[in-house]
Amino acid sequence: MLLEGKTLLVTGASAGIGRATAIGAARHGADVAINFHSDDASAASCIAEIESLGRKGVAIKGDVADPDTAKDFVARATEALGRVDVFVNNAGICPFHAFLDMPVETLERTFRVNLHGAYYMVQAAANQMVKQGQGGAIVAVSSISALVGGEFQTHYTPTKAGVHSLMQSAAIALGKHGIRCNSVLPGTILTDINKDDLADEGKRNYMEKRIPLGRLGAPDDLAGPIIFLASDLAAYVTGAALLVDGGMFVNLQ
Ligand SMILES: NC(=O)C1=CN([C@@H]2O[C@H](COP(=O)(O)OP(=O)(O)OC[C@H]3O[C@@H](n4cnc5c(N)ncnc54)[C@H](O)[C@@H]3O)[C@@H](O)[C@H]2O)C=CC1
Ligand SMILES: C[C@H](O)[C@@H]1OC(=O)[C@H](O)[C@@H]1O
């Protein structure tokens, strides 16, 4: 049990990597607050799973692109669970689109959700941790896309590089408060975010072939690394970025 007696907050956790992290953290002894955008039924079923593990769970609705959501999420989670020990910034979107005719709304929404949302959320969680005075851990879900590009991801990859960079600067700003900040860099993980893109069998086979471990990732593949970085096992790890990609990044040929 790596998170016994701790509280963990995670954004965008009704599905995918966020949900696996929320449930994995409960399995490791944490009480969990989830932020979710719109799927009330999935959020409720996530909380039911957390509670079935004997932990407290609370779901709070909100759009992370709105700066007020961050303060509201952290305040209501703190009220429900008593404190914030771990914050996981996970919510994100990737509406695949070509570069030359990228709609302004698609570009701006992607920046607001993925990068501005991360900034507001991390700032709100850090303020609560500083107020508590006992340190904490922040883990952001960045991406392999912080390091490499994508033809239909020109609006998305800069946000993931931004989240990675935010964790580096936050690690410096918050070190004196005992707050560690790290990111995970997932490769290609089968979730709703890419189900249309990977419905193309040719593309899916190509992606699979690029991965030395021979398979695309599953949400649970991220839960372990995130929980490790959140836990005291990683007490001297801050400003780090952990690739969780089955080896895809290093596979040149
Ligand atoms: N699936 C993949 O291959 C990879 C995913 N990632 C990142 O992982 C994170 C999670 O994505 P996945 O689990 O893969 O996809 P997903 O689509 O299953 O999960 C994204 C979650 O974010 C939530 N969300 C979207 N907009 C929101 C908003 N405005 N406010 C609050 N919540 C919002 C969604 O409702 C959903 O629960 C994202 O940040 C994504 O960029 C990074 C690398 C690879
Ligand atoms: C959504 C994509 O499948 C996924 O997102 C990322 O961050 C990686 O670049 C993958 O392509």
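Modeller: A salt bridge is a side-chain nitrogen of Lys or Arg within 4 Å of a carboxyl oxygen of Asp or Glu. By that rule, the structure holds ten salt bridges. This is a predicted model, in which local features need pLDDT of at least 70 and side-chain atom pairs count only at pLDDT 80 or more, while totals for chains, interfaces and linings use all residues. Residues are numbered from 1 along each chain as its sequence is written, chains are lettered from A and ligands numbered from 1 in the order in which they are written, and side-chain values use heavy atoms, with hydrogens and water left out.

The shell around ligand 1 has 29 residues, of which Asp63, Asn90, Tyr156, Ile189 and Thr191 come nearest; a residue is near a molecule or strand if one of its heavy atoms lies within 4 Å of it. By class, the shell divides into eleven nonpolar, 14 polar and four charged residues. Here Ala, Val, Leu, Ile, Met, Phe, Trp, Tyr, Cys and Pro count as nonpolar, Asp, Glu, Lys and Arg as charged, and the others, Gly among them, as polar. At least two residues of this shell come from each of the helices α1 (16-27) and α4; helices (H or I, at least four residues) and strands (E, at least two) are DSSP runs, numbered from the N terminus.

Aspartate 63 places a polar side-chain atom 2.8 Å from a nitrogen atom of ligand 1. Threonine 191 has a polar side-chain atom 2.6 Å from an oxygen atom of the ligand. For asparagine 90, a polar backbone atom is 2.7 Å from an oxygen atom of ligand 1. On its own, ligand 1 has 820 Å² of accessible area, and the protein covers 92% of it; such areas come from the Shrake-Rupley method with a 1.4 Å probe.

Aspartate 63 lies in the loop between β3 (57-61) and α3, and arginine 109 in helix α4, so the pair ties together parts that are 46 residues apart in sequence. Side chains of opposite charge can pair when their charged atoms come close.

How values were computed:
A polar contact is a pair of N or O atoms within 3.5 Å; within protein, one must be able to donate a hydrogen and the other to accept it, and residues adjacent in sequence count only if both atoms are side-chain atoms.
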